[in-house]
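User: I'd like to learn how to read a protein model one feature at a time. Could you give me the general idea each time, and then the case at hand?

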Amino acid sequence: MWKRLTPALLAVSMALPVYAGADELGLSARQAYELNRDNEQVLLLDVRDPVEIMFVGGTNEVDLNVPYLLVDRSVWDEDKQRFRLYRNPQFIEQVKAALAERGLDETATIITMCRSGSERGLPSAEFLQEHGFTNAHYVVHGFQGDSIKSGEQAGFRLVNGWQNDGLPWSPRLSPDKLHRPQ
């Protein structure tokens, strides 16, 4: 995996602690932050629906919000007790446009981040790899991290992830970074 990183990215990644739970594509929030900071060869994407960012917050460290899954508010998913999610049909084209705008190609390091890393983070990185983006990764615990399993704060996402690791975040994402349907 790391052989595809540029020498500068390799040096930064080697200085970071290995994330114990990381799979081949996974990076900790701290690793993603360090790799992205002041490095123009990395594209950090928030892949959540922009409405979620509006209510939960995000980080302006991301380069752009390109949703992997969008919410269809006209169809209720009875099994999951939520509105239906569907893959953004323009996801690949939007990622390519974001790379081109920065003078990067499909070999650049792309890091995706969703709420918790599982439903959109990992799948979006895998989807990118399947479509020729050979250096796609994701933030393992996403922006908000895991939820507490028991006690008074059960269900609250206070365990890990970007927000809980003390990395820069805001209740509002810069409007010029938010996805807007074409």
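User: Where do I begin, and how many helices and strands does the protein chain have?

Analyst: Begin with the secondary structure. Helices (H or I, at least four residues) and strands (E, at least two) are taken as DSSP runs and numbered from the N terminus. The protein chain here has six helices and seven strands, and from the N terminus on their order is α-β-α-β-α-β-β-β-α-β-α-β-α. This is a predicted model, where local features need pLDDT of at least 70 and side-chain atom pairs count only at pLDDT 80 or more, while totals for chains, interfaces and linings use all residues. Residues are numbered from 1 along each chain as its sequence is written, and side-chain values use heavy atoms, with hydrogens and water left out.

User: What is the average pLDDT of the protein chain?

Analyst: pLDDT is the predictor's confidence in each residue, from 0 to 100. The chain averages 87, and 87% of the residues score at least 70. Residues 1-8 fall below 50, with 14 contacts beyond near neighbours in sequence; a contact means heavy atoms within 4.5 Å. Residues 10-22 are also below 50, and that stretch has 16 such contacts.

User: How do I read burial, and which residues of H2 are buried?

Analyst: Look at relative accessible area: buried is under 20%, exposed over 50%, and partly exposed in between (1.4 Å probe, protein chains only). Of the 182 residues in the protein chain, 45% are buried. Helix H2 (residues 29-36) is mostly covered, with seven of its eight residues buried: Ala29, Gln31, Ala32, Tyr33, Glu34, Leu35 and Asn36. Just after H2, Asp38 has a positive phi of about 55°.

User: How many salt bridges are there in the whole structure?

Analyst: The criterion is a side-chain nitrogen of Lys or Arg within 4 Å of a carboxyl oxygen of Asp or Glu. A search of the whole structure gives eight. One of them pairs Glu34 with Arg37 at 2.5 Å, N to O; Glu34 is among the buried residues of H2, whereas Arg37 is partly exposed at 38%.

User: Which parts does the salt bridge between Arg73 and Asp49 tie together?

Analyst: The closest N and O atoms of Arg73 and Asp49 are 3.6 Å apart. Arg73 sits in strand E4 (residues 69-77) and Asp49 in the loop between strand E2 (42-46) and helix H3 (50-56), so the bridge ties together parts 24 residues apart in sequence. Arg73 is partly exposed at 44%, while Asp49 is buried at 7%.

Another bridge joins Arg82 and Glu119, with the closest N and O atoms 2.6 Å apart. Arg82 belongs to strand E5 (residues 82-87) and Glu119 to the loop between strand E6 (109-113) and helix H5 (121-130), so this pair links parts 37 residues apart in sequence. Arg82 is partly exposed at 24%, and Glu119 is partly exposed at 31%.
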